Amino acid sequence: MADHATASTPLLRQRPFRMLSYTRFTSRTATNAINFALILLIVDETGRAFMSSLLVLTLVIPGTVAGLAAGAAADTFPKRPIIVLADLLRAGVCVLVVIEGGGVPTFFLIAIVLATITQFASSAEGALLPAVVARDDLARANAIGHAVAGVAQIAGYAILTPAAL
């Protein structure tokens, strides 16, 4: 559990919470950017909006299915290594995409892999939160986490994807 002596310190001044927030922000920004890029690339390659709908399902369904295993893993195994491994795997997939390129089948495969890995990272991040903040700060920490996710959406969708494509 978090050190209750830090409960009087503002959350963003608490290094463990700040580092978790940075990790969440950067990984979510990258995830949002790659997801949006995949949608745009699918439409560009196929010229069909229907294919982008299939890609969105490909991003949602594996994460939903993997959610049970990811939650169990986050409760069973050390959370930080899960987060680090998931971030490294996602970065590796993105590097491979840049190096190898790909077509429509590859984009769908990437979506499945990234959605699954992301579920493990997100579950571990959520399970780690009570260990880095005091119980009295959980509501504020969750609110800040939602704000971080919102800013990461803007950064990923509106800034990073257009800059990268």
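Analyst: A residue is called buried when its relative accessible area is under 20%, exposed when it is over 50%, and partly exposed in between (1.4 Å probe, protein chains only). By that criterion Leu59 counts as buried, because its relative accessibility is 15%. The model is predicted, so local features need pLDDT of at least 70 and side-chain atom pairs count only at pLDDT 80 or more, while totals for chains, interfaces and linings use all residues. Residues are numbered from 1 along each chain as its sequence is written, and side-chain values use heavy atoms, with hydrogens and water left out.

Leu59 lies in helix H2; helices (H or I, at least four residues) and strands (E, at least two) are DSSP runs, numbered from the N terminus. Leaving aside neighbours within four places in sequence, Leu59 is in contact (heavy atoms within 4.5 Å) with Asn35, Ala111 and Ala115.

The wider setting is the nonpolar core, a set of buried Ala, Val, Leu, Ile, Met, Phe, Trp, Tyr and Cys residues joined through side-chain atoms within 4.5 Å. The largest such core has 14 residues, of which Leu38, Ile42, Leu55, Phe108 and Ile110 touch the most other members. At least two residues of this core come from each of helix H1 (15-46), helix H2 (49-76), helix H3 (79-100) and helix H4 (104-132). H4 gives the most, with six residues. Residues up to four places away in sequence not being counted, Leu38 touches Leu55, Phe107, Ile110 and Ala111. A second, separate core holds 13 residues, including Ala74, Ile82, Ile83 and Val133.

Attention now turns to helix H5. Helix H5 (residues 138-164) bends by about 35° at Gly156, the bend being the angle between axes fitted to the seven residues ending there and the seven starting there. Its buried residues are Ala141, Gly145, Val148, Ala152, Ala155, Gly156 and Thr161, and their cover includes H1 and H4. Asn32, placed in helix H1, touches Ala152, Gln153, Gly156, Tyr157 and Thr161 when residues up to four places away in sequence are not counted. Asn32 counts as buried because its relative accessible area is 11%. As for the distance between the two regions, Leu59 and Val148 are 89 residues apart in sequence and 21 Å apart in space, C-alpha to C-alpha.
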